[in-house]
Amino acid sequence: MKRPLFVGSAVAIVTPFTDAGVDYQALAELIEFQIKGGSDAIVVCGTTGEASTMPDEEHIAVIKFAVEQINKRVPVIAGTGSNDTRHAIELSQAAEAVGADALLSVTPYYNKAMQKGLYEHFKMIANNVKVPIVLYNVPSRTNLNLNPDTIKALAEIDNIVAVKECNLGQVGDIVNTCGEDFTVYSGDDNMVLPVLSLGGKGVISVMANIIPKDTHDMVAKFFAGDIKGSIQLQLQTLNLIKAIFSEVNPIPIKAAVNLLGYRAGRCRMPLTEISEQNLEALRREMKAYGLL
């Protein structure tokens, strides 16, 4: 039986940058804010963490730092995906070596692999590490979909244990196909409740960067039987979610973290700063939510 890596909310944590590199002191403060806020796991070097702009040495250094800072208090899930299978294996092995509890591996982007290629890609990664792997299906960024039948075949590999699913129309098919032995996490903050209602176990969340407690509680209330309270939290977050996705992630969420008084810094190019109009809307929604 494959047990879930976590049940609840895992924050896809931002990586605070300065012109000189990673601001590790700021990252430590953000990690402590997340643990204090109740996040059930921390995903480091994911999409929100801007891993695509990190050289390998820096990428692994950030994972290592997070592992040491978190010190087994919650699971550390390290983003190690690539559209080059060999590179994904190398990153995955390096993350495992520095102590990551699990890996998040995105479907290969740009190449537009066939389903057979996707299966072989993830199988090769899994065969070269021992830690659990969470598949990451995000068609809006990769221009391809990891089909439920392919996920089922991958779920039969011992250390492929879950999927972060952003194609919400196929969540029910994945649960039906893969059964209780495989975990589905929502990849979209505005659809946590629908995914839970179909058998999901939580969310890998962007909004948790600023509301870790509410994101955790949304899932915890659902599994405690307080469905009404869970729905209320989901509905309460919707306007805030619109504001933190007003531009491509992680531009607005880094702005939001900065507004909270933490140091997230700027995004790395080619991502630019949030527009004044969207910043004002973000500030307005954060005030309405009681964050400012």
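Trainee: Which residues touch the most other members of the largest nonpolar core?
Mentor: Val-44, Ile-63, Leu-135, Ile-160 and Phe-182, out of 80 residues in that core. A nonpolar core here is a set of buried Ala, Val, Leu, Ile, Met, Phe, Trp, Tyr and Cys residues joined through side-chain atoms within 4.5 Å. Buried means under 20% relative accessible area, exposed over 50%, and partly exposed in between, with a 1.4 Å probe and protein chains only.

Trainee: Where does the largest share of this core come from?
Mentor: From α2, with 6 residues. Helices are DSSP runs of H or I with at least four residues, strands are runs of E with at least two, and both are numbered from the N terminus.

Trainee: How far can I trust the model?
Mentor: This is a predicted model, so local features need pLDDT of at least 70 and side-chain atom pairs count only at pLDDT 80 or more, while totals for chains, interfaces and linings use all residues. Residues are numbered from 1 along each chain as its sequence is written, and side-chain values use heavy atoms, with hydrogens and water left out.

Trainee: Back to Ile-63. What is it in contact with, leaving aside neighbours within four places in sequence?
Mentor: Val-44, Cys-45, Ala-78, Gly-79, Ala-95, Val-98 and Ala-100. Contact means heavy atoms within 4.5 Å.

Trainee: What about the strands: in what order do they close into a barrel?
Mentor: The 8 strands go β1-β4-β5-β6-β7-β8-β9-β10, with parallel pairing. Two strands pair if DSSP finds at least two bridges between them.

Trainee: How many bridges join β1 to β4?
Mentor: There are 3, between residues 8–12 and residues 41–44. In one of them, Ala-10 has Ala-41 of β4 as its bridge partner.

Trainee: New topic. Is His-121 buried or exposed?
Mentor: His-121 counts as buried because its relative accessibility is 3%. It is found in helix α4, residues 115–127. Not counting residues up to four places away in sequence, His-121 touches Ser-82, Thr-85, Ala-88, Val-106 and Pro-108.

Trainee: And how many disulfides?
Mentor: The structure holds 0. Cys-45 is in none, and the nearest cysteine sulfur, that of Cys-267, is 14 Å away. A disulfide needs a pair of cysteine sulfur atoms within 2.5 Å.
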